[in-house]
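Dear colleague,

I am passing this structure on to you, and my notes on it follow below. Please read them with the structure open beside you.

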Amino acid sequence: MGLFDRLRGKDEPRVAFIGIDGVPFSLLSENPDEFPNMARLADDGSAGDIESIVPPESSACWPALTTGVNPGETGVYGFQDRENGSYDTYVPMGRDVQATRLWDRVTEAGRKATVMNVPVTFPPQRNVQRMVSGFLSPSVEKAAYPDDFRDKLEELDYIIDVNAKLGHQDDKSDFVENAHKTIDRRFDAFSHYIQQDDWDLFFGVFMTTDRVNHFLFKDYERDGENKEAFMEFYRKVDDYLGQIREMLPDDVTMVVASDHGFTSLDYEVHCNALLEEEGWLSYEDDDHDQLADISDDTLAYSLIPGRFYINLEGREPRGAVPEAEYEERRDELKEMLENLEGPDGNKVAARVVEKEEAFRGDHDDIAPDLVVVPNNGFDLKSGFKGHEEVFGQGPRNGMHSFDNASLYIDDPNASIGDANLYDITPTILDLMGVDYGRPDFDGASLLNQ
């Protein structure tokens, strides 16, 4: 028994959570020979596909996964959110997450947490043992706390994120090389601190998987020229997950999960171009590039991914829809979106979700009025310039999906049948023996009590 075991009491169970951003369960479960480590984890413990959240976008998903509550409580709805009572928008960061994080609950219980590369955590918190923020962090120097942790990461040549611009090139070789380099450095850092063994909760995320999926997923699903490069990358992911499992002490339960699924992308759908074409949206002049440029006649606008807002009197600064007409206009917009078809004749929307169905909490005042959960193949974009056509194609060939997210728990006493993202935080707290109030979460523990 080591010094840390004696100090914390060996009977307190621990958890190592490894996030695999955007990895669909079907990819791993349908290829057990390619990914034997994940197959063994599934056989020894519990595994299954789970649902993500509305909308299934990483900036909203990770705050939901790490708090157990919906965006109405976290206050984060996507990569870009709208200021309350304004047309100004901002990119949500860690301090914009209004709900209590999993590692805060662990710390408040007198336990220690190491948190690495979780999206929407910049700047790093000072109340946890150590943290390096992930996605959108400007540098390791600014993203890591405390100083000795930062110094070690710099010594390891730690990389915050893949250079996604390389994925825009027709030849994906440089992108794939950069993805391997990024995940190699991430694994080196994860393994170093996992083996340091001075934590109760280790929470680390491989986000490189999402990046690879965005540019190579159709190659995998439809036998494209980069399929072998895709499979080679995921063999490495499986190997790294297997190595992590082997290095964990016996008192640690491993949990592996993704924040959403993935599927092939056939068409980008430019939602504001659609609204403009259908007479819902207009601009004050031709030189428009942001939400603030919409005109007084605008009835609705969109923010990524697939979030639609009625331009409501009294809520928006230049609201054009009287409150008495809100329900009628929203129903009209919903019907239009439900009937929208792509160039291939397929429906764009799998379903159109009203805000009351998806969002509730103290921060639902900036919630979208409607969210489109698209059918596979239709990726919803919401730029304000440069898209005269509603349907187009870009450099990406993979897109997020609401269903088919992954969850693996190295414990056979877990039931993953109808699980979703909100269940992960209460499950981890139960695995660790940390008390919490059942009404605190939109999800519930998956452990069989």
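Contact, or touching, is used here for heavy atoms within 4.5 Å. The model is a predicted one, in which local features need pLDDT of at least 70 and side-chain atom pairs count only at pLDDT 80 or more, while totals for chains, interfaces and linings use all residues. Residues are numbered from 1 along each chain as its sequence is written, and side-chain values use heavy atoms, with hydrogens and water left out.

I begin with a sheet. Helices (H or I, at least four residues) and strands (E, at least two) are DSSP runs numbered from the N terminus, and two strands are said to pair if DSSP finds at least two bridges between them. In general, the strands of a sheet pair through backbone hydrogen bonds, either parallel or antiparallel. Here, 4 strands form an open sheet with antiparallel pairing, in the order 11-12-14-13. Strand 11 (300-303) and strand 13 (349-354) each have a single partner strand and stand at the edges, so one side of each is left without a neighbour in the sheet. On average, and with direction ignored, neighbouring strands of this sheet are turned by 25° against each other, where axes are lines fitted to C-alpha atoms (for helices over the stretch in contact) and angles run from 0 to 180 degrees between N-to-C directions. Helix 13 (residues 326-339) lies across strand 11, strand 12 (307-310), strand 13 and strand 14, and runs at about 165° to strand 13.

Strand 13 and strand 14 (residues 370-374) run antiparallel and are joined by 5 bridges, with Val373 of strand 14 as the bridge partner of Arg351. Val373 is buried, with a relative accessible area of 6%, where buried means under 20%, exposed over 50% and partly exposed in between (1.4 Å probe, protein chains only). Leaving aside neighbours within four places in sequence, the contacts of Val373 include Val54, Ala349, Arg351 and Phe402. Val373 and Ser401, 28 residues apart in sequence, are 8.3 Å apart in space, C-alpha to C-alpha.

Elsewhere, strand 10 (residues 261-270) pairs with strand 15 in the parallel sense over 5 bridges, and Val269 stands opposite Leu380 in strand 15. Of the 5 residues of strand 15 (residues 377-381), 5 are buried, so this strand is largely enclosed by the rest of the structure.

Lastly, Asn37 lies in helix 3 (residues 36-44) and is buried, with a relative accessible area of 18%. Not counting residues up to four places away in sequence, Asn37 touches Asp238, Asp239 and Gly242.

With kind regards
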